[in-house]
Amino acid sequence: AQHPDRARRGFLDALEQAGELKRVAVPVDTDLLIEQQIGEPIPQYVGRLGWDAFRDLEHQVICQVAHQRAAVISSGGGVLTFARNVEVLKPSGIIILLAADPTKLAKRLERSYARPPLTDQPNLEAEMCALWTQREPLYRKVCDVVLNVDAETADEEADLQGKVSTL
């Protein structure tokens, strides 16, 4: 299955290629761990049991991985909107916000990932814009570093690697 968010996967890949990830940490993708635990794609799970059940499971996974030493944890955007997750992640880690223009993010997600809607917005772009408006202040409050993952060159991978090298 294709990774739900190319920027998240690209960030981990760029860290690995820069040699930083292997030197300091183990990459952990919470969505992939969840899918391994439930034995089905997240959209199907959410479709069957709803977002609340998913958020509870997501929190359990966050609790499991937050206590791992030397881990780079990649999570979906909803994780930091719940204080219980921030309370688990913040004391022992650095939170990096991968900030993207919501319109560009919607285009990435349309190409790579189908998921049940989080809002009653008419389309994915409107939903991403609404979620960003709602979540951005919270993200900026809890994060330690902001990395803009909008590609500034035609080569998205090289662009992201260049940004990672500044961390």
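The legends below describe close-up views of a predicted model. Local features need pLDDT of at least 70, side-chain atom pairs count only at pLDDT 80 or more, and totals for chains, interfaces and linings use all residues. Residues are numbered from 1 along each chain as its sequence is written, and side-chain values use heavy atoms, with hydrogens and water left out.

**View 1. His 59 in helix α5 (residues 51-66).** Helices are DSSP runs of H or I with at least four residues, numbered from the N terminus. His 59 has a relative accessible area of 16% and is buried (under 20% relative accessible area, 1.4 Å probe, protein chains only). Leaving aside neighbours within four places in sequence, His 59 is in contact (heavy atoms within 4.5 Å) with Arg 84, Asn 85 and Val 88.

**View 2. The buried residues of helix α3 (residues 30-38).** Thr 30, Asp 31 and Ile 34 are buried here. They lie on the same side of α3, because they cover an arc of only 100 degrees around the axis; the arc is taken from the directions from the helix axis to the C-beta atoms. Gly 39, with a positive phi near 75 degrees, follows α3.

**View 3. The aromatic pairs, of which the structure holds 2.** Rings of Phe, Tyr and Trp (its six-membered ring) pair if their centres lie within 6.5 Å; planes under 30 degrees apart count as stacked, over 60 as edge-to-face and the rest as tilted. Trp 51 and Phe 54 have ring centres 5.6 Å apart and planes at 80 degrees, so this pair is edge-to-face. The rings of Trp 132 and Tyr 139 are tilted, with centres 5.9 Å apart and planes at 50 degrees. Both Trp 132 and Tyr 139 are buried.

How values were computed
Helix = DSSP H or I, 4+ residues; strand = E, 2+ residues; numbered from the N terminus. Buried < 20%, exposed > 50% of the residue type's maximum accessible area, 1.4 Å probe, protein only.
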